[in-house]
Structure formats: structure tokens, C-alpha cells
Amino acid sequence: MSTATASSHANASKSSGQVFNSPIVQEVGLPADPDNLYFQTVATMLHAAELMNLPKHVQLILAQPKNEIMVHFPVQMDNGEWQLIKGYRVQHNNALGPFKGGLRFHHEVHLDDVKSLAFLMTMKCSLAQLPYGGGKGGIRVNPRAHSNAEMERIVRRFTTAIAHMIGPDYDIPAPDVGSTAQHMAWMADTYSFLAEVGGVQNPHAVITGKPVEYGGSKGREKATGQGLVDVLAEMLPELGLQAKGATFVTLGYGNVGSWAARLFQDMGAKQIAASDHTGFIRNDKGIDAHDLAHYVANNPKGGVAGYPKADACSKEDFYSAKVDVFIPAALEQMIKEPEAKLINAKVVVEGANAPTTPAGERLLLSRGIEVIPAILANAGGVTVSYFEWVQNKTFSSWEAEEVDRKLNIAMVSAAKRTRQAKQKYKCDLRTAAYIAALDNIAKVYAIRGIFP
Ligand code: NAD
């Protein structure tokens, strides 16, 4: 490696706020760009690894995914024309169990995003102590720009393209941004058809997040929001807050954001602003989270813009609203320094994956704003996906109350493990959550070894 490249690696690590100058960065050839999402994700891991003295070979293994799969497949559109569509599946690590993670359907999805999200799934499953590794995938497509029939063909062709690389005991996809329970049903059906020849047991267990009528779990749709409010209920008291009477804003009013808002409101909190890809709205007297979710679901534009019981507001007015809790639940890297400067909350609880950049987080922490990291706060989705998989494999069906109770136990224990690591290593919550997750993975590598 040239001196210039080596020093830019070192600068990159410094400027992304990490207290490491790890040879791993150079050894695995990570992009020396502090704004690169994958670099940021791995840098956070290496920072935690240094504090806890994680064996170097475990750091090395985790610094790159095990498999990066990219597929291209032709699909005929309703007008008779053909389009070549790009899809991804990244299988990051399977030391703890089968690869597990969602599928993003978005016209701007890139390999680096998928790699980062797959990495976060490894951390998240380990922190929640689920018997899963981490994976993620996506299709480079805008689902809003296609008819239902086109989406069905795209989803079924994608499933066919990756079918030999997934499986109910090997890699189990689920929904993420832009993908729905209906998409998961088409995937499960296509996979089951293809797997018939190979005699795969419980083929529909290859996908979670399916409709309840077709092997989905009760409680899966709201699970990520439910897990987020379970974590809030556990952690707010130590921040001198309680749900009843707390105020909050929601950035991103899709599955995670709208469910988190509805469930937090049901605990006595009040939403005063919300936003999504269509705009920002605010009403300091309160925006009913259920009513807004109903409006979004029935609005042909599918967004919060135009909601009649709140005013449209600027981005600045949205971010700077004085509240107790800020819930980012949209996409990655939405809280950079400019947004962190505006935020006027006591705690940011990450519903989205990686919504806060390292520079944004440093600024928030320096301003006394606590950040509850995504690998803890949004682990409810994968936890109930795990429950769905167990129900599929045991031919059983659990009641909603049972799902909620088991989810609460899992979320509270993950929060406790994070708190213990924070106390032991005297670090911020994100580093603590990574340490708890890495500790679990390191133990498994120590016990099982690496073959050959
Ligand atoms: P979704 O597609 O249901 O919702 C995404 C929301 O983000 C939509 O409201 C969309 O309008 C909004 N959005 C998109 N671009 C935006 C922009 N530029 N500004 C403001 N808002 C914007 O997706 P989701 O499933 O709710 O996922 C949201 C986040 O939560 C993602 O980071 C995802 O990876 C993460 N997550 C989802 C789950 C799950 O179970 N669905 C689980 C864990 C983590």
C-alpha cells in the first residue's frame, strides 16, 4: 500500500472519531472514506473490538462479508418491453446460525448499503442472542413505479435467481424498506415450488414477514415498533424520563416509524411532528399517530404531506422541535452534523438502521443527547421473524399475547446486556451494544474453532 493511501486510512479513522489505527482496515482493503457507510459500520466495530480486546482473527473475519452475491435478471414489463434488473444478497456471517436479514426494494440500493446492513444484522442477532448470523439483500427497483403484476414478476424472478443460495436452514430473507408481506409471500411460494424437487423440509420457512394466513407470525407487522417501545420503556427511567407525557417526533412514517409512534402514543406519549419522503408536518398540540397512519395508508401518494390536522413545516422546524424523544425511522445517514446541530431532544432512539453518522453522533453526545443504537432499538423485527421461523418449523401458531410477551423478554435482556457493557467499559451505548454482541460471537468462535 502506498504511503498516501496508508495515511488517508489513518486520517479517515481519526476523522470518523474512532480511537483506533487498526491494521485490519488496511489488511481487508476498506474504502478510506470517512463518509462511506461500510467504513463507518466496520470502524464502529473495530473501536469496540479495541476496547474489549477482541481476538484479531475475529475482527478480521467480521470486517468483510462471507459472500457477496449480485444477480441480473430480465423481466418483461406490462408494455411488453424487457428490463434487466439488479439484485443483491450479502451473507455476512453465519457463526451463530443461518444468515438472516431483510430485502430492500429501492431504486438507489447499492452493494455498500447492503454490506453495511448485513453487517448490522450479524451484530443485532448476536446482541439479541438469536441463533442467526447476518445477511441482507435488495432489488434495485422503485416499487412505486411498477404495477402489482410487474412487481410479482420481479420478485419471482429474483427469488429464482438466488434460490440456490438461500434456504430455511441456510439464509432466511425478510422484508425491509420497500418490500411487503405480499412480496414475501411470492418469494416463499416461488422458493417452495423450486425446492419441491430437492425435498426441502418446511420450504416456506425460507422467508419471514409473510402474511399471517400463509405462515406469518401474529405481531410481526408491528414487531420492530413494539421492540423499540419496549426498549424505551426499559431505558427512559435512567434518562429521567417516562413514556407517559413524553413528547416525540418521527422521521419516516413507514412500517417502523408509524408503529413505533402508535405504540409509544398508546403508552401516553405525544407526537408533535412527523416526516417522510413526501414532506414534514408539525402540530405542537399533538398529531394522533393512529389517525396519521390511517391517512398515510389511504393517501394515493402514500405519505404524510397534506395531512389536514397538522401544518407543513420546514426541515429546520421539524428537526429542531423541542421534544423528549427523536425517532429516526427512515434511511441511513440522515442525521449528519447539520441535523445533529438542530435536534432538540433528550434521546435519539434509532428505528432505522445506521441513521446517525459517527460525526452526527459525536455532536449529539457532546450536546448531552443520548443515542440508543439501532442494533438494540430495532431488533424487535428480527426477533419476531425468529418466532415466525420457529412456528413454521414446529407447525405451530402462537397467540399475539405470547409473541408480545416473548419479544418483551428478549428486548429487555438485550437492553440489560447493553447497559452492563456500558458500565463495565465506561463507553457510549452504541459501543456497549457492539461489545455485548461481539462478546457473544467471540465465545462461539473460541468454542467451535475454525475449520480447517
Ligand atoms: P418502509 O418502507 O415501511 O418506510 C420507510 C419510510 O422512510 C417511509 O415512510 C418513507 O417515506 C421514509 N423515507 C424514505 N426516504 C426518506 C427521506 N429522504 N426523508 C424522510 N423520510 C424518508 O420501511 P421500514 O420497514 O419502516 O424501514 C425503515 C428503517 O427501519 C430502515 O432503515 C430499515 O432497514 C429499518 N428496519 C426495518 C425493520 C422492519 O421490520 N421493517 C426492522 C429493522 C430495521
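These questions and answers walk through a predicted model, one element at a time.

In this predicted model, local features need pLDDT of at least 70, side-chain atom pairs count only at pLDDT 80 or more, and totals for chains, interfaces and linings use all residues. Residues are numbered from 1 along each chain as its sequence is written, and side-chain values use heavy atoms, with hydrogens and water left out.

User: Which residues of helix α10 are buried?
Analyst: Helices here are DSSP runs of H or I with at least four residues, strands are runs of E with at least two, and both are numbered from the N terminus. Buried means under 20% relative accessible area, exposed over 50%, and partly exposed in between (1.4 Å probe, protein chains only). In α10, residues 289-298, the buried ones are Ala289, Leu292, Ala293 and Val296.

User: What covers the buried residues of α10?
Analyst: Contact means heavy atoms within 4.5 Å. The cover includes α9 (255-266), β7 (270-276) and β8 (279-282).

User: Is strand β4 largely enclosed or exposed?
Analyst: Strand β4 spans residues 134-139, and six of its six residues are buried. In a regular strand the side chains alternate between the two faces of the sheet. Gly134, Lys136 and Gly138 are buried on one side, and Gly135, Gly137 and Ile139 on the other. So β4 is largely enclosed by the rest of the structure.

User: How many bridges join strand β2 to β4?
Analyst: Two strands pair if DSSP finds at least two bridges between them. Strands β2 (residues 82-93) and β4 run antiparallel. Glutamine 91 has glycine 135 of β4 as its bridge partner. The number of bridges joining β2 to β4 is six.

User: Which residue in β4 does phenylalanine 105 stand opposite?
Analyst: Strand β3 (residues 99-105) runs parallel to β4, with three bridges. Opposite phenylalanine 105 stands isoleucine 139.

User: Is asparagine 202 buried or exposed?
Analyst: Asparagine 202 lies in the loop between α7 (181-195) and α8 (223-235). Its phi is near 45°, a positive value in a residue other than glycine. With a relative accessible area of 13%, asparagine 202 is buried.
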